[in-house]
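Work through the exercises below with the sequence and the model open. Try each task before reading its solution.

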Amino acid sequence: MKRPTWVGIAGITGLMWNALVLFQFIGSVGRTEADFVSQGSTAAQAAALVSVPVWAEAGFALGALAGIAGCILIARRSRAAVPVLVLSLAGYALLCLGNLVQGVYALTGAGHITVSVVLLAIAAGLVAAAIHGTRRHILT
């Protein structure tokens with residue numbers, strides 16, 4: 001069976017997106033309140049951002065790494081992409097929950113909320129694409 005165009009597009013664009021998220025995660029490791037303030041955050045925002053729970057930060061890393069692996073699996077037409085991308089979505093959900101619990105969204109506002117919604121929407125879209133591909137026997 002010829003590979004549908006959407007499989008390559010989903011695999012490559014998803015891979016690029018998750019690589020960007022991984023880059024963001026790596027850049028956030030070890031940042032201090034002073035780092036956030038120097039980049040325009042208020043003292044309260046900076047305090048909340050550095051206080052995000054470790055489990056939420058682990059979710060950030062898990063989301064990005066599993067997202068990269070899942071997109072590679074989509075590009076390789078492997079049905080194993082489904083559980084790996086579900087794991088990615090769960091990781092990103094943990095990150096968002098951590099931000100919510102820590103009060104990050106209340107302090108940072110609509111921009112941060114929008115980024116989180118987009119992050120979850122893309123992760124959910126990749127899961128849906130992988131499920132669709134599995135049901136259509138495109139991912140085997």
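Buried means under 20% relative accessible area, exposed over 50%, and partly exposed in between, with a 1.4 Å probe and protein chains only. The model is predicted: local features need pLDDT of at least 70, side-chain atom pairs count only at pLDDT 80 or more, and totals for chains, interfaces and linings use all residues. Residues are numbered from 1 along each chain as its sequence is written, and side-chain values use heavy atoms, with hydrogens and water left out.

**Exercise 1**

Locate asparagine 99 and decide whether it is buried or exposed.

Solution. Start with the helix: asparagine 99 lies in α5, residues 81–102. Helices are DSSP runs of H or I with at least four residues, numbered from the N terminus. Next, take the accessibility: asparagine 99 is buried because its relative value is 5%. Last, list its contacts (heavy atoms within 4.5 Å). Apart from neighbours within four places in sequence, asparagine 99 touches Val52, Val104, Tyr105, His112 and Ser116.

**Exercise 2**

Describe how helix α1 packs against helix α7.

Solution. Step one is the geometry. Axes are lines fitted to C-alpha atoms, for helices over the stretch in contact, and angles between N-to-C directions run from 0 to 180 degrees. The axes of α1 (residues 5–28) and α7 (residues 110–135) come within 11 Å and cross at roughly 150 degrees. α1 is therefore roughly antiparallel to α7, a label for angles over 145 degrees.

Step two is the residues. From α1, Trp6, Ala10, Gly14, Trp17, Asn18 and Val21 meet Val118, Leu119, Ile122, Leu126, Ala129, His132 and Gly133 of α7. Sorted by type, the residues of this contact are nine nonpolar, four polar and no charged. Here Ala, Val, Leu, Ile, Met, Phe, Trp, Tyr, Cys and Pro count as nonpolar, Asp, Glu, Lys and Arg as charged, and the others, Gly among them, as polar.

**Exercise 3**

Solution. As for accessibility, cysteine 71 is buried at 0%, and cysteine 96 is buried at 9%.

**Exercise 4**

State where alanine 19 sits and how accessible it is.

Solution. Alanine 19 belongs to helix α1. Its relative accessibility is 36%, so alanine 19 counts as partly exposed.

Technical notes:
Helices (H or I, at least four residues) and strands (E, at least two) are DSSP runs, numbered from the N terminus. Angles under 35 degrees count as roughly parallel, over 145 as roughly antiparallel, 65 to 115 as roughly perpendicular and the rest as oblique.
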